Amino acid sequence: MGMTGPSSGGIGGRRGRGGRRAPIADINVTPLVDVMLVLLIIFMITAPLLASAVPIDLPESRAKPIETEEQEPVQLSINADDTLYIGEEVVPEAELPARLDAIARERQGEDKPRQIMLRADKGLDYGRVMRVMGELNRAGLTRISLVTTGAEGAADSAPTAEAAVTDGSETGQ
């Protein structure tokens, strides 16, 4: 005994209108939901890696990147309008020494002081950056890394997408 499905309609297996099935009026949203969840996961993973909290136009450098330690370094940023940030939080100029002292006291008993990643806009005055570095040194935070964008080569000075972190100890000699 053979079974006949809903598409076969009697003698000869044909239905009306040339044997075509009737169109389905329902929208299947399962593939849409699958694609959207995959995109959501991709953006959740890549968004923190692509954007830094404080937008700064970093200078270029051909220095080699350094390895960072296991503990997350402190991000100290100075943007073009001379605003200081520790992480994503705005820090007034008067509060900077006290905040740096508190950061230095967090790891006072350990052998290495806390690593600081200094991000400064390339349009800032050199003296301004040096005053902030002097405050870091006064607080005992001597592991300062300067964050820059890397240059492709000597002839090509276009910045790459990734930032280079230098510790300032290499002189290129």
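**Close-up views of a predicted model**

**View 1. The largest nonpolar core has 20 residues.** Those with the most contacts inside this core are Leu76, Ile86, Leu96, Leu100, Leu118, Leu136 and Leu141. Two or more residues each come from strand S2 (74-78), strand S3 (84-86), helix H2 (96-106), S5 and H3. H2 gives the most, with four residues. A nonpolar core is a set of buried Ala, Val, Leu, Ile, Met, Phe, Trp, Tyr and Cys residues joined through side-chain atoms within 4.5 Å; buried means under 20% relative accessible area, exposed over 50% (1.4 Å probe, protein chains only). Helices (H or I, at least four residues) and strands (E, at least two) are DSSP runs, numbered from the N terminus. The model is predicted, so local features need pLDDT of at least 70 and side-chain atom pairs pLDDT 80 or more, while totals for chains, interfaces and linings use all residues. Residues are numbered from 1 along each chain as its sequence is written, and side-chain values use heavy atoms, without hydrogens and water.

**View 2. Helix H3 covers residues 126-138.** Arg128, Val129, Val132 and Leu136 are buried in H3. Down the axis, the buried residues of H3 fall within an arc of 100° (directions from the helix axis to the C-beta atoms), so they line one face. Exposed Tyr126 and Arg131 are on the face turned away from the buried side.

**View 3. Arg119 lies in strand S5 (residues 115-120).** The side chains of Arg119 and Ser77 are joined by a polar contact of 3.4 Å.

Key. Polar contact = N/O pair within 3.5 Å; in protein donor to acceptor, adjacent residues only side chain to side chain. Expected span 1.5 Å × (residues − 1).
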